[in-house]
Number of protein chains: 2
Amino acid sequence: MGADLLTGRMRIGAEAILGAEGELRAIDPSTGAMLEPVFGMGSTADVDRACALAAAAFDAYRETSLDARAAFLETIADEIMALGDVLIERAMAETGLPRGRLEGERGRTTGQLRLFASVVREGSWIEARLDPALPERQPLPRADLRQRHIALGPVAVFGASNFPFAFSVAGGDTASALAAGCPVVVKAHNAHPGVSELVGAAVQRAVAKCGLPEGVFSLLFGAGNAIGTALVSDPRIKAVGFTGSRGGGTALMKAAAARPEPIPVYAEMSAINPVYLLPAALAARGAALGKAFVASLTMGAGQFCTNPGLVLAIDGPGLDAFVAAAAEALAAASAQTMLTPGIYEAFVNGTERLAAHDRVQTLAQGQVGSAYCGRAAWFETDAEAFIADEHLREEVFGASSVLIRCRDAAQLRALSEALDGQLTATLQLDDGDLALARELLPTLERKVGRILANGWPTGVEVCHAMVHGGPYPSTSDGRTTSVGTLAIRRFLRPVCYQDLPAALLPTALADGNPLNIWRRVDGVLQQ
Amino acid sequence: MGADLLTGRMRIGAEAILGAEGELRAIDPSTGAMLEPVFGMGSTADVDRACALAAAAFDAYRETSLDARAAFLETIADEIMALGDVLIERAMAETGLPRGRLEGERGRTTGQLRLFASVVREGSWIEARLDPALPERQPLPRADLRQRHIALGPVAVFGASNFPFAFSVAGGDTASALAAGCPVVVKAHNAHPGVSELVGAAVQRAVAKCGLPEGVFSLLFGAGNAIGTALVSDPRIKAVGFTGSRGGGTALMKAAAARPEPIPVYAEMSAINPVYLLPAALAARGAALGKAFVASLTMGAGQFCTNPGLVLAIDGPGLDAFVAAAAEALAAASAQTMLTPGIYEAFVNGTERLAAHDRVQTLAQGQVGSAYCGRAAWFETDAEAFIADEHLREEVFGASSVLIRCRDAAQLRALSEALDGQLTATLQLDDGDLALARELLPTLERKVGRILANGWPTGVEVCHAMVHGGPYPSTSDGRTTSVGTLAIRRFLRPVCYQDLPAALLPTALADGNPLNIWRRVDGVLQQ
């Protein structure tokens with residue numbers, strides 16, 4: 001395999017189509033240089049074609065056997081690995097991310113596909129429920145009632161810039177939607193069109209190898225919002241997965257709500273992920289916490305949804321040591337290439353706005369770097385200003401964070417109640433902090449999707465218990481997660497069958513449990 | 001207990017408050033007479049007070065033990081039964097529904113509360129997931145990750161007119177929200193304020209008897225949309241349950257989406273519930289099907305969400321017999337008192353509009369009755385007109401239905417694809433119809449929440465496998481059900497705990513499974 005894999009073409013069903021609505025080039029953010037090839041951007045007619053194929057594929061794809069669907073997900077993983085170093089090198093060129101990080105992310109992405117394959121095979125996601133007929137019941141007999149979950153329909157997926165594999169063309173949204181039985185139409189992120197084409201072609205090959213209908217997967221390139229809006233507005237699309245900015249996510253929410261048939265939008269948008277330094281922990285290891293905080297803040301140029309953008313502490317022993325150690329570590333932190341010139345500029349604007357704010361002091365700044373390298377920044381403000389000014393509560397995407405010194409526990413609790421919805425909250429605590437932590441927990445449970453103790457929020461495990469989600473505005477829908485196996489549920493809905501003849505019943509609901517899956521019979525879970 | 005139970009007062013937490021924003025009287029639809037007493041309608045300040053109490057109660061209520069919460073639901077059921085005949089007689093006076101129907105509905109309502117109590121005790125709804133730490137894993141260790149579902153927050157419930165018990169103050173939305181751990185603020189339906197006060201007071205007594213925070217439940221009266229909009233817009237309300245018209249439901253959807261923090265709306269709105277008469281069944285028992293159809297259509301004056309408002313058949317043997325038998329039965333059907341003068345007038349307008357439509361023929365009309373008695377009506381139109389004119393596809397709430405004779409199976413399939421989302425679809429079929437049914441099923445699965453064979457859609461079992469829901473516009477959210485135990489999930493969201501000390505972990509996630517609930521450990525379901 002080599003560079004000839006990059007043709008600039010979209011993937012619409014089984015075809016490779018060169019879009020005719022303008023051109024797109026990737027940029028190497030470490031140099032600002034334009035990369036080959038030229039990508040052709042799609043038209044609304046291309047959106048229409050992809051959605052028509054997805055709708056045509058839907059009924060057949062959602063009824064594939066558990067084994068067949070699982071094998072498809074595994075084949076996608078195999079095809080991604082088969083791209084070899086071409087994929088990693090293109091990703092390095094398009095994102096400025098280092099090889100180690102990208103190889104790790106590729107492993108996470110293929111692992112995610114294989115994990116969803118195991119979920120599909122296990123079959124609990126069908127949530128089969130059987131309430132057998134009670135013909136003798138008084139005063140009225142009960143019919144035979146059986147319920148399963150089926151796929152929602154074709155899903156539009158919008159990849160993120162910061163995870164070119166794990167939250168992109170074959171990332172978590174695509175994996176969970178395909179696992180649920182939904183065809184997927186991906187709008188590629190313009191920051192990494194080459195990676196998108198390579199991975200899109202890998203998925204396309206997997207569709208063909210597995211003998212699935214071509215419409216199970218399409219990949220579109222497009223400028224600005226035109227293609228995205230057309231995609232979300234297409235009546236054949238039944239749900240949307242998105243990871244990106246709050247502006248982008250809320251625009252999709254509005255478009256989806258304005259349709260004649262509104263559809264769910266799963267948008268993972270923004271968070272500042274408060275870290276609480278509780279008094280005993282701070283007194284015991286303020287300096288160590290300061291160093292560890294900066295390591296989490298600056299990792300990957302801070303370009304994580306779960307980056308610790310807010311540190312909360314009660315003024316007291318250890319806090320000065322924390323600040324001194326963190327400031328020292330931050331001052332030594334190298335500038336790192338950011339994902340795109342646009343992200344770099346937004347970061348510079350965001351940190352400059354904070355630095356110029358009359359209620360904000362700059363605590364430390366990192367090293368200066370070359371073009372498009374983000375200079376880490378750490379600020380302090382006070383609780384009243386933070387509560388009063390929503391701009392102080394907004395995410396600055398990148399290695400930027402704000403410290404608030406609270407007078408006492410009461411102010412810390414009040415501040416917690418004033419927080420917007422968040423992906424995570426982190427408690428740095430020792431035994432002496434348990435009582436305060438217990439006071440804070442109910443608030444945090446209402447505000448966030450994941451609560452950590454004595455760790456750092458960056459790093460999201462792909463597993464069964466993960467929640468990468470949270471109340472609005474961290475996501476559009478706090479009832480779900482975009483990482484972990486529960487994500488499959490976003491793309492399912494229940495259907496009930498009443499007194500259906502055995503010949504018409506779905507296999508998952510047949511007498512004798514031929515799929516050997518967990519089923520709830522008369523309310524009792526059994527296998 | 002006697003008539004002094006009716007005071008015209010709202011229930012806000014532990015108090016009984018006479019609203020000062022205008023007066024409301026119930027009307028006996030069988031006579032048009034105004035009933036005593038006068039109900040005082042609430043202000044936005046009353047909404048604010050109810051929501052403040054609900055928010056204050058939330059953290060404590062959502063952490064009640066499984067037993068305590070189940071006992072609360074059972075106590076509500078007991079308190080409703082303790083109202084005795086006062087409740088039934090008031091309901092008869094306010095709704096025009098007969099005693100037998102109301103006694104049955106009361107049993108369904110208390111049974112629903114007891115079923116949710118059993119669901120709460122069983123504990124699967126928590127969906128506990130544990131992924132134990134893997135400290136030795138390479139290249140990175142895995143943290144200890146545990147997930148549970150917690151309640152969303154205070155829920156606003158809007159009762160329906162047609163089920164004064166089962167879809168009202170202590171109906172399915174309230175029962176499932178309370179089961180999930182959400183405080184509930186009910187806006188009473190103005191058609192049955194007396195029943196609402198009686199049941200609201202019963203819930204209030206149950207709150208007190210169980211020693212729960214007063215804000216767990218409030219009941220408001222209000223005019224028009226003002227109270228409803230204030231309730232849905234209140235920032236402390238985190239979800240909405242509604243059963244009623246499409247206009248009412250979509251207005252709530254808009255209000256909820258326009259909030260600074262959008263929230264989910266579970267609105268069950270409208271459906272025409274197609275019934276398919278497949279050829280072999282029709283040939284074998286056309287006349288019997290005609291009679292059974294009319295029995296389903298006219299039951300309860302046709303005032304059911306699942307009323308069969310559309311009959312689809314391929315022209316052929318048995319269809320004339322079906323039409324003749326149905327027309328004969330319908331012509332003999334007594335007019336029945338409708339729920340409210342407003343519903344009666346909408347029904348008259350709807351049937352008159354159909355009768356006057358130039359592509360519609362009237363097949364039969366029922367008996368004429370006294371004031372506010374709906375006269376059943378049956379119409380025929382053609383497939384092209386039905387597909388072209390959305391007004392022909394709208395629900396006429398009451399005993400009104402439309403027949404479409406299709407030329408062939410292809411037209412029947414095309415018509416099915418043109419249907420809006422529905423609560424139910426019913427197949428009348430014999431062995432000779434299995435092939436055609438198999439062709440139709442994928443479309444029906446995409447269009448409806450419940451598929452029945454050889455039954456009638458009216459009558460919704462409260463059980464584990466029921467789906468009373470369906471794609472938009474039958475509901476606002478086809479991913480759920482408003483009847484059956486799955487309804488609890490509407491009011492839950494997942495939270496993940498990472499490396500939390502044992503002292504801080506919720507009991508449901510503690511080592512050793514002290515609640516003895518089903519949990520998923522490393523992906524494997526176990527108890």
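## Overall build

Strands are DSSP runs of E with at least two residues, and they are numbered from the N terminus. The loop between strand 13 (265-268) and strand 14 (274-277) of chain A, which holds Asn273(A), is named on that basis. The model is a predicted one. Chain A contains 14 helices and 25 strands.

Chain A has 527 residues, and a compact globule with that number of residues would have a radius of gyration near 24 Å; the value for chain A is 25 Å, so the two agree. Along the principal axes, the C-alpha atoms of chain A fill a box of roughly 75 × 65 × 40 Å. Buried residues make up 63% of the 527 in chain A. Among contacts in chain A with a separation of 6 or more, 76% join residues 24 or more positions apart.

## Surface and charge

Chain A carries 45 positive and 56 negative charges. The mean position of the positive charges lies 3 Å from that of the negative charges.

## Cysteines

A disulfide is a covalent bond between the sulfur atoms of two cysteines. Over all chains, the search of the whole structure finds 0 disulfides. Cys463(B) is accordingly in no disulfide, and its nearest cysteine sulfur belongs to Cys496(A), 6.7 Å away. Cys463(B) has 3% relative accessibility and therefore counts as buried.

Cys496(B) has its closest cysteine sulfur in Cys463(A). That sulfur is 6.7 Å from the sulfur of Cys496(B), which is too far for a bond because a disulfide needs the two sulfur atoms within 2.5 Å. Cys496(B) has a relative accessible area of 0%, so this residue is buried.

## Cis peptide bonds

In chain A, the peptide bond that joins Gln138(A) and Pro139(A) is cis, with omega at about -5 degrees. Pro139(A) sits in the loop that runs between strand 7 (128-131) and strand 8 (145-151) of chain A.

In chain B, a cis peptide bond links Tyr472(B) to Pro473(B), and omega is about 5 degrees. The loop between strand 22 (448-453) and strand 23 (492-498) of chain B contains Pro473(B).

Asn273(A) is a residue other than glycine with a positive phi, near 50 degrees. The relative accessible area of Asn273(A) is 0%, so Asn273(A) is buried in its loop between strand 13 and strand 14.

In chain B, Asn273(B) is not a glycine either, and its phi is positive at about 50 degrees. Asn273(B) belongs to the loop between strand 13 (265-268) and strand 14 (274-277) of chain B. With 0% relative accessibility, Asn273(B) counts as buried because the cut-off is under 20%.

Helix 5 of chain A covers residues 172-180 and is mostly covered, with 9 of its 9 residues buried. The buried residues run from Gly172(A), Asp173(A) and Thr174(A) through Ala175(A), Ser176(A) and Ala177(A) to Leu178(A), Ala179(A) and Ala180(A). Gly181(A) follows helix 5 of chain A and has a positive phi, near 105 degrees.

In chain B, the loop between helix 5 (172-180) and strand 10 (184-187) holds Pro183(B). The relative accessibility of Pro183(B) is 0%, so Pro183(B) counts as buried. Pro183(B) is 129 residues from Ala54(B) in sequence, while their C-alpha atoms are 5.6 Å apart in space. Beyond its neighbours within four places in sequence, Pro183(B) contacts Ala54(B), Ala57(B), Phe58(B) and Tyr61(B), together with Gly153(B), Pro154(B), Val155(B), Gly215(B) and Val216(B).

His149(A) is located in strand 8 of chain A. At 5% relative accessibility, His149(A) falls under the 20% cut-off and therefore counts as buried.

Setting aside neighbours within four places in sequence, the contacts of His149(A) within chain A are with Trp125(A), Ile126(A), Glu127(A), Leu492(A), Arg493(A) and Pro494(A). His149(A) is also in contact with Leu486(B) and Arg489(B) of chain B.

Terms used. Residues numbered from 1 in each chain as written. Chains lettered and ligands numbered in written order. Predicted model: local features only at pLDDT ≥ 70, side-chain atom pairs only at ≥ 80, totals over all residues. Heavy atoms only, no water. Helix = DSSP H or I, 4+ residues; strand = E, 2+ residues; numbered from the N terminus. Rg over C-alpha atoms; globule rule 2.2 N^0.38 Å. Buried < 20%, exposed > 50% of the residue type's maximum accessible area, 1.4 Å probe, protein only. Contact = heavy atoms within 4.5 Å. Lys, Arg positive; Asp, Glu negative; His and termini not counted. Charge placed at Lys NZ, Arg CZ, Asp CG, Glu CD.
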